[in-house]
Structures are given as C-alpha cells and as structure tokens.
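Please open the model in your viewer and keep the selection tool at hand. We will go from one stop to the next, with a look at what is there each time.

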Amino acid sequence: MMVQWTSHNASSPLVRWGASPGRLDLEARAESDAYSDKDMCGGTATSNGWVHSGTQHWAVLRGLERGRRYYYSFGDAAWGFSAPASFVAAPNHGDMVHVLLTADVGQGEADGANVVALNTQQMASLNTTRLLAADAPGYSLLIHNGDISYAEGFSTQWDNFFTQIEPVAARMPYMAVPGNHERDWPGTGGRWDVEDSGGECGVAFERRVRMPLPGPDKWWYAFDWGPVHFLQYSTEHAFEPGSEQYDFIEHDLQTVRRRVGYGEGQYGVGSGWRFLSMHSSWEWGSTTALSTTCRRWCAVLDG
C-alpha cells in the first residue's frame, strides 16, 4: 500500500503504522519530489495560475496481511504528523468486494469563494465527495477515471481537491487515470491537440497521483482487487493498433483470460471479473478503426 501526501516543509518524511490504532510501531521512510512551473507546458500553468505546489511524498507499506485493517499516520518528526487514519488491505481472491467508481469530479468551496469552480460549474463536486465519504465505510477501493481536479493550470486547485477527497482517499486505495483536463495540451505527445489541461500536460497529475505505470507519461496499468482484475488505460494517449498502449492492453487481456484458477473461491474457478476502465467514451469522436479495436477488446473481455 502506498501513502501519498504533500507538505510545505519536511526533513525526514515517513509513515508510522501498525495493526492497532494505539500502536503505530512500524515505520516506512518516504521518497520526495517536487515540480515547478518550468516542468509545465505553457498557458495558465506557467503564468498567473502557478503557485508553489509544495513537496510530494510517498511511502510504501509492505508485508500486509490480506483483509486486515491497518492504522497509519504520515508526516515528519520536525514538523508533526497527521491524525491517524486506517484502511483495509487488499482482499483475498475469493472475497466479495465493494468498489466506488467516479469521474469528472473537480472541487469547490462551500462558501462559493472558488471563482474557478463557479465558472466551470464544479460546485456540485461538494455533493459528490460528501456522498462518497458517506458511503465509504462499506467500500474498500475508489476508482477515479479522469478529470480529477479540473485545476487547468491553477495549482492551488489541486490542494483544494485533495482536501475535499481526503475523507475517502485516506481510508482506501485511490486509483486513477487521466482525463483531458489533466493531460491534453498541443504538441506534447498526447492524443488530442487541445488546451484542456491549462498547460499542465499531465505533469501535476503524475506527480501528485502516483500509479504503477510502466514509465513516465505512460498512463496504463493493471491490478487485481479480490476477484476483480482492473485494467486502467488512457484515452488521452494513442491506443490504436501499433501503439505501445494497445500492445499493453492486448497482452494484459489475453494473460488474464488464460489464468488458471483466477477468481477461485466462493464464486467458482475462473469466475473473476474483468474491468476495462478509461475516461472518454469509446463512441465519443470514434472512428471505424477505433470501433473495431473496441469490439475486439469486448470480445476478449466476454470470452
């Protein structure tokens, strides 16, 4: 399990954790990184939208027992630690799982002070995150398929978003892929030459939302959660035949299909679910070639 957070100051960031709330006797040292406006691609992200984004930290908790609850606190001995939070480790392959799925969330201020959110009709996100937090006790995983904060180059909006989603993301894994409002910017290797990211071109998202990617700006990965196999891929990068992402998806789907005993448990041998998740609809702006690709993947999923 990876714990991620952002701070202004840090000397020796780490996570204290353990199997009981009053005994956080294990430690995981964190790695740290930061980005600046020089890492961005233009637009608002390199001009009036830029405010120092702090330092991002991440630490991995290892040796977890499946299905067991763990408690943790993150921070720094010199600057203080967070209030304790908890999560339940990954379920067994035969366990029933409950998953929250969302997309296009954004962030807003309860007093209406966030002009950016008001202009883009994001105030509804307050209701979305409130309901997610209310449902969270019965769930173990949160999937967010693109259009995360709608910061669009205004770096403080990322802090607003994570404060808003923290009551959910602090208690379960938060897995995400980019949408157009995180990644798209002309001439940066994405699939769409539009300015929807405000010049962030995926940089802020990738530094703040660390996923098990095969490489920088390669937003496709897969993981198992109980009897469910999730394949997360990016509609903001090329996924046509011949692309690196297409090859990854094909290989993953075929590999999971051939697994012997996958999903073995109360649901029977080979009954594991397979989810292919992305941001944009297959039908939106689709071409004949893309439709053929999608039909091919559906056939593998159904097989």
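**Colour by confidence.** This is a predicted model, so begin with pLDDT. The mean is 89, and 86% of the residues reach 70 or more. Now select residues 260-270: pLDDT stays under 50 there, although the model has 26 contacts beyond four places in sequence for this stretch. Where pLDDT is low, the predicted coordinates should not be read in detail.

**Select 2-7, 55-60 and 31-33.** The strands here are S1 (2-7) and S5 (55-60), together with S4 (31-33). They form an open antiparallel sheet in the order S1-S5-S4. S1 and S4 stand at the edges with a single partner strand each, so one side of each is left without a neighbour in the sheet. On average, neighbouring strands of this sheet are turned by 20 degrees against each other, ignoring direction. Zoom in on S1 and S5, which pair over 6 bridges; Ser-7 stands opposite Thr-55 of S5.

**Select 99-102, 141-145 and 174-177.** Here is another open sheet of 3 strands, this one parallel, in the order S9-S10-S11. Its edge strands are S9 (99-102) and S11, and each pairs on one side only. The twist averages 15 degrees from one strand to the next. Between S10 (141-145) and S11 there are 4 bridges, and Asn-145 has Val-177 in S11 as its bridge partner.

H3 lies across S9, S10 and S11, and runs at about 130 degrees to S11.

**Jump to Ser-82.** Ser-82 sits in the loop between S7 (80-81) and S8 (85-88). Which residues does Ser-82 touch, not counting those up to four places away in sequence? Show Ser-73 and Phe-74 to see these contacts. Arg-16 is 66 residues from Ser-82 in sequence, with 10.0 Å between their C-alpha atoms.

**Finish at the largest pocket.** The largest pocket holds about 1,100 Å³ of space. Of its 42 lining residues, Met-2, Val-3, Gln-4, Ala-169 and Tyr-174 are the closest to the centre, so centre your view on them. Which element gives the most to the lining? H3 does, with 7 residues. Colour the lining by residue class and you get 27 nonpolar, 8 polar and 7 charged residues.

Note on methods:
Residues are numbered from 1 along each chain as its sequence is written. This is a predicted model: local features need pLDDT of at least 70, side-chain atom pairs count only at pLDDT 80 or more; totals for chains, interfaces and linings use all residues. Side-chain values use heavy atoms; hydrogens and water are left out. On a 1 Å grid over the protein atoms alone, a cavity is a set of points where a 1.4 Å probe fits but cannot get out, and a pocket is an open set with protein on both sides within 12 Å along at least five of seven lines; lining residues have an atom within 4 Å of a point. Grid points are joined across faces, edges and corners, and a volume is the space filled by probe spheres set on the points. Helices (H or I, at least four residues) and strands (E, at least two) are DSSP runs, numbered from the N terminus. Ala, Val, Leu, Ile, Met, Phe, Trp, Tyr, Cys and Pro count as nonpolar, Asp, Glu, Lys and Arg as charged, and the others, Gly among them, as polar. pLDDT is the predictor's confidence in each residue, from 0 to 100. Contact means heavy atoms within 4.5 Å. Two strands pair if DSSP finds at least two bridges between them. Axes are lines fitted to C-alpha atoms, for helices over the stretch in contact, and angles run from 0 to 180 degrees between N-to-C directions.
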